[in-house]
Amino acid sequence: MKTFFLKSIGFCYSLVFIFVTSCKDDKIDFNAQVRPILNKKCISCHGGVKQSGGFGLVFRENALAETINGKIGIVPGHPEKSEMIARIKHKDPEMRMPLEADPLSEDEIALLTKWIEQGAEWQEHWAYLEPQEPEVALDDLDWGVNEIDYFVFNKMEAHDLSPSDQAEAHDLVRRLYLDVTGVPPTTEQVKAFVENPSDKAYEDLVDTLLQSPKYGEHWASMWLDLARYADSKGYEADRPREIWKYRDWVIKAFNEDMPFNRFTIEQLAGDLLPNPTEEQYIATAFHRNTLNNGEGGTDNEEYRISSVIDRVNTTWEVWQSTTMSCVQCHSHPYDPIKHNEYYTSYAFFNNAADWDVPTEHPIYREFDSLSSAQLKDVKKWVAKVASNDEANKWEAFIRIQEPKIRPEDFDETTNTIHYNRSNQDYMEVYNKASIKLKDVSLSNVDRIYVNYRQYTKNKGTLLIKKDSINGTVVGKTILNKSNGFTNVPVAIKTDAKTADLYFQFTSSATDYLCFLDGFLLAEKLPVANDGTSPEIYDKIDALLNAKFKHSTPVMVEKPNDFSRLTQVFDRGNWLVLGDTVQTDIPKLFNVNNRQFKNRLDLAEWLVSEDNYLTGRVIANRFWAKLFGKGIVLTSEDFGTLGERPTHPELLDWLALRFSKDWNWSMKTLIRNIVLSETYKQSSVITEEAKQIDPHNQWLARSSRVRLSAEQIRDQALAVSGLLSDKMYGPSVMPYQPEGVWTVVYSNDTWQTSPDEDAYRRGLYTYLRRSSPYPSFISFDASERESCLSRRINTNTPIQALVTLNDPVYFEAAMHLAQQIEALDGDNKTKVEAAYTKVIGKNISPDKTTILVKLLEDTKAYYQAHKEEAFQLVKTDNLELASLTIMMNVLMNMDEFIVKS
Amino acid sequence: MDLYNEAQKRKLEFTTRRHFLKKCSTGLGGIALTSLMGPQYMFGSNNTVNSLDPASLPHFLPKAKRVIYLHMAGAPSQLELFDYKPALQKLHGLDCPQSLLEGKRFAFIQGVPKMLGPQFNFKKYGQSGTYVSDALPHFSEIVDDVAIVKSMHTDEFNHAPAQLLLQTGSARSGRPSIGAWVTYGLGSENENLPGYMVLVSGGKNPSAGKNAWGSGFLPSEYQGVQCRNSGDPILYVSNPNGMSRDIRKKSLDAINEINRTQYKEFNDDETLSRIAQYEMAFKMQVSVPDVMDVSKEPEYIRDMYGAKQGEASFANNCLLARRLVEQGVRFVQLYHWGWDMHGDSKATSLNEGLKTKCGEVDQPMAALVKDLKQRGLLDDTLVVWGGEFGRTPMRENRGGRIMPYYGRDHHTEAYSIWMAGGGIKGGISYGETDEIGYYGVKDRVHIHDLQATILNQLGINHEKFTYHFQGRDFRLTDVHGRVVKDLLI
């Protein structure tokens, strides 16, 4: 580099560029000065994929290489030999770059020329560089209380802005409740805060709210958008999926303030931890939220692959805000990631045992009390004769039924048909059929469970032989008519460590047929001093066929002997396979040459010091949720085409504190942000600030942000006193109009939940992907088809119709009206009380006038139209009718729907 | 607007300008241009979208202002309706040659199926002498106004993915539907109605569910608004019982007055926008039930379609589609479910089920074209009719067994659709299939080509119409699609 630099200085003197000589010592900053020009003017034709004329600007080696016409685009140190410079300065519009667009400005040309002179050094995009500890001069802080304020204030000053006053106490407390717990404070809670004389009143409130169980419910919503959590499988029939235990896991993790590194590892690789707990298995359902196509005639391999692809894309988006999906078909057009690197990431997820079948196997089963007692006996016995770890292993085996060898793993078969379509994805086994499994590790296997279904009474004999179809019989069983798919045990007797196994099916019935879903390999039970207990085998056999109460799809790896090969998909086409690849991360990110063998390694890397992105990406997500937009606006993309951070030093500071000093505590992160003066500012927009900073990038005020779909409903129920506090459990179905669910090939119906279940928080509402709860979708909630980093808030008449007329909102209005009606006093008193109940502060005189008039007018109207009042509130109470109308108005005010 | 978007916009403005300067020789006056090019954001909302500013649309002079898309969910058989194959009749009952099966993936066919001859008779109609099946007597009257495309092909052989590919350009869910793209780009011509409306008949939603009219990554205001067959035509458009329009007016006035006070206090423009949205909601409460009321039509028009008040029929929906486009709705999407004739029951047989379905759509779809034409609306309204894929020339043999009735499996290689109006040539057939209708052999048209052509008629260059999401520019046509120029007037 130094030689380049010296050379380029030499050039400055030899060439007669007036603009260069004047500033020859200034080193051009690639990221700040050059990259924006390349991104804006060049990269759409000269990127990582489209390299017009053989010239691409994503990788330096491409830019310095010979182009199609034999010229070289960039010759470091030699602008006069660089074709790029010649072309951007060309006189002929047919030759001048960029083609069919405005030419580069004189300044831009000068800058690029100088940059090439200085050696055309590339610099990694900011997001791929290690976060730097920024300097903070807290001592001479002109405004604010902490580092956050220091960074924000500097940027305000730089943009001729000054901070706003602190928000009025009533507004601030409502904002804080909504941000931390998702629901507004009660009138009493507002009063308690406003009247608390303590200096620490605000800080204490922050700590109290972070301890509220509602905190976890609120923040889980953000994570569930990323996790694409839903209660159905998607696609055609969109059948129900039981996976709510994962949702509950997320809520609990937030409430317990599970450190983000553990939060990451358990969701991505909980199953690969030593001796995973039930919770750790449930956490892995994060990646079982992928769609499952149950349409008849669908190719299950195609949709398994589709899920694996979604897991790759989602993982990179959630933790790295990296658009890996771009690399599925070709190298990244803008970021330095190569095509085959997509498939090294793919390899992490390709070995999960799940398969696009309606059963969603593997699932974690929760048994009824009888079976649970049996399971307890098994565990107790194993723990006694062996160890707790061994007992946990057996529990997992019984609950998950893995490792299972499925038809896709069979080596050679005769007299069988395997047709991997939708719900017919098992092997049809006919008389004299045989199946070969290659190189099965047997050293620790003593039983194989055959998972099969047989409709007829014909008896089938299954012999398991070793080494060849005529080899030694190592196991034998009779297959009878079965009640659905059943596991039958076959004891395996052999000393061999590994062997090829042959499964031979014969029957006296020539038309014998059974359906085989696979073989479950069971390890040897530990041996007690008095020999193995036969009842334990019986109990295990029974448990493997037991009915279960609940289940959750989980991630489990396929056994080593049967792991899947990962090959590159040529141009993203899964039917055209290329080179075989191993698990790895793109070179760009692997700063310490770590070795990766499985998902656990990937998860550990994501939250290690070798990762420069996770801290920033996650801190940015929390910031975005609190401020309405991130420090990096594009929370989903930190790459070249994403927005640059408005406050890069603040982002690094937050990332470093979060990942180091605060030990990944999400509560501490939120606490520090909401304690800043930046957060506490008023959201009143001055005319000046509106001119200078219409979108509030520089945070000289607090942003007014419309509440989320869930919050809008929760808030209406909360202020009217209808909201249920009940947590967890299966999703609920609050009232929705008839006929919203008319899904093809499905008789599932929306059954309105009874009692308080109809008034639970929004995140417990049953989410069917093809037909989500209508008002949530109107308010921009995710349909949870794929990972969503950022909801785009819209403002539409359809939304107005929801909060005006949706029976939920109207019921809330009436419920509140009943409470106000019970109060003594005149219209004015009632208006004041109602407003305070809804917004938490005192009403202004002009709003009072408007509402008192409304109340008088409606009363007069209903006096003349008593039958309408009766229809409205189902009693002849005219005052209740007019109060209900007023409450409906209050619950549609801008200030109610927006967080100020 | 960030640098990249700005670059995109500049580039677009440049090409649009250049296009007009260099290539538009239509000699249109500036005033007409402004009125055609002036986009109206759907619902007049002013939200920050992170992509190309749609203000630069259309890219060129459009032929069509609006689209009515009649999607026959389940995929009708082209071999019984439009693509006449006498040679297939001769092969009826014979084993399918291996050459047609090797390397092919089917949804249900296993082993060696039999060939299946056309189940309906065909005759020539109109001045164009277009072959049409006996099952579509009314359609045979409009053949001179439509272009039949016989060489359609797709990538997907299952309903939900194929419908998504057709409606969103991608077989996986999460992308915006074509109607969402169009309203995002061009807005609505009526501020009292949504720009993109969806009507469903046949008893079920299409397999792809509401994703088929979703807004994907576009803001949710661009999703199709489904008009319901019973209850509120649009959810929550009616006031609660006992709340008269008078009272609603009083309460809305109060809401808006309070919001104006709020605006004075906080100075947030989004509050002004909310006031406008509430005013529009109030107007919609009248305009939506009004436009959705078929009894407002004279009897002879209802008879022409076969529409009957209160029915959730395709006939009613066709009539409603005309009423909606008349009111300036940009994109009307109809789905009629139940075309999936596998032959596993009478209702899914070619001889019975398909006939019933044809009876449900034939008169209304022909009436729609005629009615648009007599009102002068056909010239700038594009009507598209078709399914998500075609059917095999082989008889379905699910599980390798003989099925109780005649049916055909899903087929991606060749099928037929028709288009009318909106600058599409009438009385032509485009593309050809082989003798048995298995492959398109001439002028094949892919789903992405169809999408490119529809956008083209609306004045949109499908390659330039992008939205930046998750780090890349997305298009309806992905990286494919070509405008089928031969179909255009």
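A residue is termed buried if 20 or more other C-beta atoms lie within 10 Å of its own. The legends below refer to a predicted model.

**Figure 1. Helix α13 of chain A and the helices that cover it.**
Helix α13 of chain A spans residues 260-269, and eight of its ten residues are buried. The buried positions are A:F260, A:F263, A:T264, A:I265, A:E266, A:Q267, A:L268 and A:A269. The elements of chain A that cover these buried residues include α12 (244-255), α14 (278-283) and α15 (300-320). Also among the covering elements are α20 (599-606), α21 (614-627) and α23 (666-674) of chain A.

**Figure 2. Domains of chain A and an annotated segment.**
Chain A is divided into domain 1 (2-123), domain 2 (369-546) and domain 3 (807-899). The centres of domain 1 and domain 2 of chain A, taken over C-alpha atoms, are separated by 67 Å. An unreviewed UniProt entry carries the annotation "domain: Cytochrome c" for residues 26-120 of chain A.

The peptide bond that joins A:H361 and A:P362 is cis, with omega about 0°. A:P362 is placed in the loop between α16 (339-350) and β1 (363-367) of chain A. A cis peptide bond also leads from A:E402 to A:P403, where omega is near 5°. The loop that holds A:P403 runs between α18 (388-400) and β2 (404-405) of chain A.

**Figure 3. Positive phi at two aspartates of chain A.**
A:D755 has phi near 50°, a positive value in a residue other than glycine. The residue belongs to the loop between α26 (709-719) and α27 (774-778) of chain A. A:D755 is exposed because 8 other C-beta atoms lie within 10 Å, a count that falls within the limit of 12 or fewer for an exposed residue. A:D780, in the loop between α27 and α28 (797-805) of chain A, has a positive phi near 70° and is likewise a residue other than glycine. A:D780 counts as buried because 21 other C-beta atoms lie within 10 Å.

**Figure 4. Nonpolar cores.**
The largest nonpolar core has 315 residues. Those with the most contacts inside this core are A:M886, A:L890, B:A321, B:V369, B:V383, B:V384 and B:M419. A second, separate core of 39 residues includes A:L375, A:A433, A:L479 and A:C514. Residues up to four places away in sequence being left out, B:V383 touches B:I68, B:L70, B:L368, B:V369, B:M419, B:A420 and B:G421.

**Figure 5. Surroundings of B:Y305.**
B:Y305 is part of helix α9 (residues 299-305) of chain B. With 27 C-beta neighbours inside 10 Å, B:Y305 is counted as buried. Apart from neighbours within four places in sequence, the contacts of B:Y305 are B:A315, B:C318, B:L319, B:Q363, B:P364 and B:A367. B:Y305 and B:A367 are 62 residues apart in sequence, yet their C-alpha atoms are 5.3 Å apart in space.

**Figure 6. Two antiparallel strand pairs of chain B.**
Strand β2 (residues 122-125) and strand β3 (residues 130-133) of chain B run antiparallel and are joined by four bridges. B:K123 has B:V132 in β3(B) as its bridge partner. The hairpin of β2(B) and β3(B) has four residues between the strands, and B:G126 in this hairpin takes a positive phi near 70°. In the second pair, β9(B) and strand β10 (residues 408-411) of chain B are antiparallel over three bridges, with B:G390 opposite B:H411 in β10(B). Six of the six residues of strand β9 (residues 390-395) of chain B are buried, so the strand is largely enclosed by the rest of the structure.

**Figure 7. The contact between chain A and chain B.**
The contact takes 82 residues from chain A and 74 residues from chain B. On the side of chain B that touches chain A, α1 (3-22), α5 (159-168), α7 (245-266) and α8 (269-291) of chain B each supply at least two residues. The largest share of this side, 13 residues, comes from α7(B). By class, the side of chain B that touches chain A has 25 nonpolar, 32 polar and 17 charged residues.

Definitions and conventions. Residues numbered from 1 in each chain as written. Chains lettered and ligands numbered in written order. Predicted model: local features only at pLDDT ≥ 70, side-chain atom pairs only at ≥ 80, totals over all residues. Pairing = 2+ DSSP bridges. Domains from an automatic or database assignment. UniProt positions renumbered as here; feature names shortened; annotations may be inferred. Core = buried A, V, L, I, M, F, W, Y, C linked by C-beta atoms within 7 Å. Contact = placed C-beta atoms within 7 Å. Nonpolar A, V, L, I, M, F, W, Y, C, P; charged D, E, K, R; others polar.
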